[in-house]
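Subject: Structure handover

Hello,

Please find the structure below, for your files. My notes on chain B follow it.

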Amino acid sequence: MPHHTFFKFIWPSALTMLVFIALPIISITIQSFYIDHEQVLVTVENCGPFGCKEVTKVDVEATRALSEQKPLGKFNGFGTYTNRNHLAFSHISEAWNAAPNLGYFIGEVLNLPFYKALSFTLTYTFIVTPCVIILGFCIALCVNRLPSIFKGPTIFVSLLPMIITPLIGSLVLFWMIDAEGIIGSFLKIIFDDPSLSLKASPTLTWIMLIVYGIWHHAPFAFVVFYAGLQTVPKDTLESAMIDGASKWEQTRYVVVPHLMPLVVFISLIQLMDNFRVFEPIVGFNAQASATSLSWLIYNDFRSGDGAMLFGSAAATSILTIIGVSILLTPIIVRTWQSSKPAVRG
Amino acid sequence: MFFRTILTAGAIGLLSTASYAGCGIDSGSVRIGGNDFPAYQAVTQAATGCSGDGVSVTVDLNKDHKDRQVAALTANPAEFTSSIANNSALVALMNDGLVQPLNNLIAKHGSGLQDMQIVSIDGEVMAVAFMANAQHLFYRSDILEAAGVAPPKTYEEVLAAAKAIKSKGLMEYPIAGTYGGWNLGLEFINMYLGHGGEFFESGSAKPSLNNAKGVATLNMMKSLSAYMNPDFLTYDSNAVQADWEAGKVALTNLWGSRAGAVTDGEGSTAEIESNTKFASAPTVAGGTTPSTTLWWDGITVATNISDEDAEATFIAMMEGISPAMAAANPNKANWLISGAKPRATGVGVVESAKGGALPYPMLPYMGSMHNAIGSEIVDFLQGNETAEKALADVEAAYIAAATEKGFL
């Protein structure tokens with residue numbers, strides 16, 4: 001394809017990517033290097049319905065003069081990245097020096113908000129992604145074998161978890177798994193433990209969120225695999241049958257290799273999706289036991305009255321982007337290598 | 001006959017609106033924004049009565065007003081000419097200079113106001129308060145009687161009462177508390193003020209809560225949580241109200257604005273409702289200050305609007321918080337408006353205020369402190385770390401946030 005034809009094809013999407021992806025990333029990168037100006041504080045008397053008190057307030061005029069000189073705020077370099085609420089280098093080295101053993105050190109690190117969130121985010125991503133792929137594949141195989149009259153309704157029902165908005169889905173489940181809810185009381189009877197509560201212990205909360213994640217994402221993998229199953233070459237399957245391959249061997253040596261590109265595709269999408277896990281934490285009110293990187297960003301923006309931390313949120317966003325890139329690199333490198341024309345001897 | 005009555009009623013309604021129209025204003029645009037609950041609805045409803053020839057009054061109440069107020073008032077002209085605020089929200093607006101002093105407007109149009117309604121900072125009136133709210137004790141008189149204990153006055157008595165209720169098998173989890181997220185931060189603030197604690201070194205934004213009072217506060221919260229549903233870290237006011245109305249809880253420290261809701265004849269049984277009683281927030285550790293914070297709600301006028309709109313807004317809002325409005329809606333709030341009678345369900349707020357409870361601290365960096373507390377004391381309540389460590393974490397998290405906000 002001549003270069004100018006290629007350019008004509010590509011410019012609308014290139015422009016869209018520039019405006020909606022590249023520019024925002026540049027903008028938050030710049031934002032993450034700045035913090036608010038030093039606030040000029042003055043002590044004044046404050047009187048209200050419940051009496052008078054000496055309080056400090058922000059000297060609006062003086063602070064405004066500062067911010068008019070430098071509207072972006074005060075340059076802080078990587079200060080926000082390295083402070084306690086993010087990478088916390090100084091706290092980590094302190095903990096390392098003070099640690100009598102490795103367990104103590106790990107405990108100290110996981111006590112820092114960023115690493116606490118990262119530990120849940122990674123656990124969630126690495127458990128949910130493979131489970132979704134395996135479960136999705138199994139459902140697809142089962143549905144593929146159904147008589148065609150049942151296929152339509154089964155596919156529709158299987159897709160429901162994905163259709164429900166994550167926030168609503170998790171809110172509904174939140175009440176169902178409540179100690180008084182239908183699932184919660186059922187579990188109490190099964191395990192014969194009247195004090196069992198999924199929301200009370202951090203471990204059970206993690207398991208609950210992971211199970212929710214698998215439930216919510218499995219339909220996506222199912223639909224992709226189901227579409228892929230329709231393209232499995234019939235003659236290869238038939239020759240495998242003639243060679244005496246069992247059902248299991250057919251699946252293992254014909255179907256799975258054929259669907260491998262789809263596994264890569266689903267892994268890519270799922271790794272990205274799961275790394276930014278957020279809605280279930282809000283829906284399940286689980287922030288006491290589990291936080292994620294996206295939840296940290298949300299928390300910076302919702303920080304009470306006027307305490308929003310834009311620089312902090314921007315820094316966490318950049319760290320999230322870096323995290324996603326690291327996660328995806330192995331898969332992308334493999335895809336790129338296998339897409340190169342193979343040199344065969 | 002029936003229809004005629006309705007028509008007549010409607011016609012009278014129209015007439016009375018017509019007689020309101022103007023309220024003495026002949027031009028200007030009034031745009032009111034605020035949180036959405038019955039008391040605010042009553043105030044804004046009364047203010048819309050000023051709508052008429054040349055004057056437009058629009059109302060936009062939203063549960064998440066707190067998150068949009070700064071952006072809405074930063075615009076020029078401001079999206080809202082008046083934002084209804086409370087102690088905490090006013091600080092956020094003042095930090096950016098988004099509300100204007102009302103001294104001149106009060107001199108001209110504010111003759112009916114009581115002194116206690118005036119919220120002034122450095123002599124400049126920034127808001128006019130119209131209602132008070134606080135968390136205070138809710139208790140079930142029948143359960144306490146069955147357990148053989150008197151209504152508790154201190155948190156030590158609350159623990160003793162809970163123990164008696166549990167040991168008699170009356171309830172599994174007799175106490176409830178709003179221990180989830182932002183609310184958890186506030187519960188700590190309430191209890192810490194009850195212990196007589198200070199959050200900051202005087203005159204600066206440096207934190208100072210890692211001390212004996214802070215530790216005592218956390219230990220008391222943990223002792224209370226032992227009598228709560230194990231899910232207590234997910235509880236907000238709605239969840240506490242639901243458990244209360246279901247009769248699962250006998251003692252809680254809940255908002256005064258919920259007192260009406262748990263006795264409104266809906267969502268609960270008559271037995272539970274008639275035995276639901278209110279009292280001042282308990283004191284703690286031999287102190288005399290009730291462990292709660294007092295909140296007021298009041299009107300403000302935005303900075304970024306024309307003088308004409310500011311005047312129209314103030315007059316309309318005065319109509320909104322008039323004694324007539326308070327008289328017409330006696331049960332919707334604890335009105336601070338002149339002539340308003342105290343309501344039966346307001347006794348908890350009134351008693352707490354009389355007992356010397358402190359207002360929620362109006363400091364520019366309190367929001368950052370509140371957040372740090374809410375997220376960092378969880379580990380202690382889950383039993384993963386010591387109280388001293390949790391408080392050190394609170395200070396460290398606050399310092400990081402306050403440095404970024406430019407306070408340190």
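**Notes on chain B**

Chain B contains 17 helices and 12 strands; helices (H or I, at least four residues) and strands (E, at least two) are DSSP runs, numbered from the N terminus. This is a predicted model, in which local features need pLDDT of at least 70 and side-chain atom pairs count only at pLDDT 80 or more, while totals for chains, interfaces and linings use all residues. Residues are numbered from 1 along each chain as its sequence is written, and chains are lettered from A and ligands numbered from 1 in the order in which they are written.

Overall form: the C-alpha trace of chain B spans about 65 × 60 × 30 Å along its principal axes. A compact globule of 408 residues would have a radius of gyration near 22 Å, and chain B agrees with 23 Å (taken over C-alpha atoms; the globule rule is 2.2 Å times the number of residues to the power 0.38). Of the 408 residues, 55% are buried, where buried means that 20 or more other C-beta atoms lie within 10 Å of the residue's own, exposed 12 or fewer, and partly exposed in between, with C-beta atoms placed from the backbone.

Domains: chain B is assigned domain 1 (14-132 + 295-347) and domain 2 (134-294 + 349-405), with bounds from an automatic or database domain assignment. Their C-alpha centres lie 30 Å apart. At the boundary, 15 residues of domain 1 are in contact with 20 residues of domain 2 (C-beta atoms, placed from the backbone, within 7 Å). Helix H4 (residues 87-95) of chain B gives the largest share of the domain 1 side, 5 residues.

Helix H12 (residues 307-320) of chain B: its 14 residues should span 20 Å at 1.5 Å a residue, and the end C-alpha atoms are 20 Å apart, which agrees. The expected span is 1.5 Å times one less than the number of residues. Because 11 of the 14 residues are buried, H12(B) is largely enclosed by the rest of the structure. Among the buried ones are B:Asp309, B:Phe314, B:Ile315 and B:Glu319.

Strand S9 (residues 276-279) of chain B: B:Thr276 and B:Phe278 form a covered face, B:Lys277 and B:Ala279 an uncovered one. In a regular strand the side chains alternate between the two faces of the sheet. S9(B) runs antiparallel to strand S6 (residues 124-140) of chain B, joined by 4 bridges; strands pair if DSSP finds at least two bridges between them. B:Thr276 is the bridge partner of B:Arg140.

Regards

Methods
Contact = placed C-beta atoms within 7 Å.
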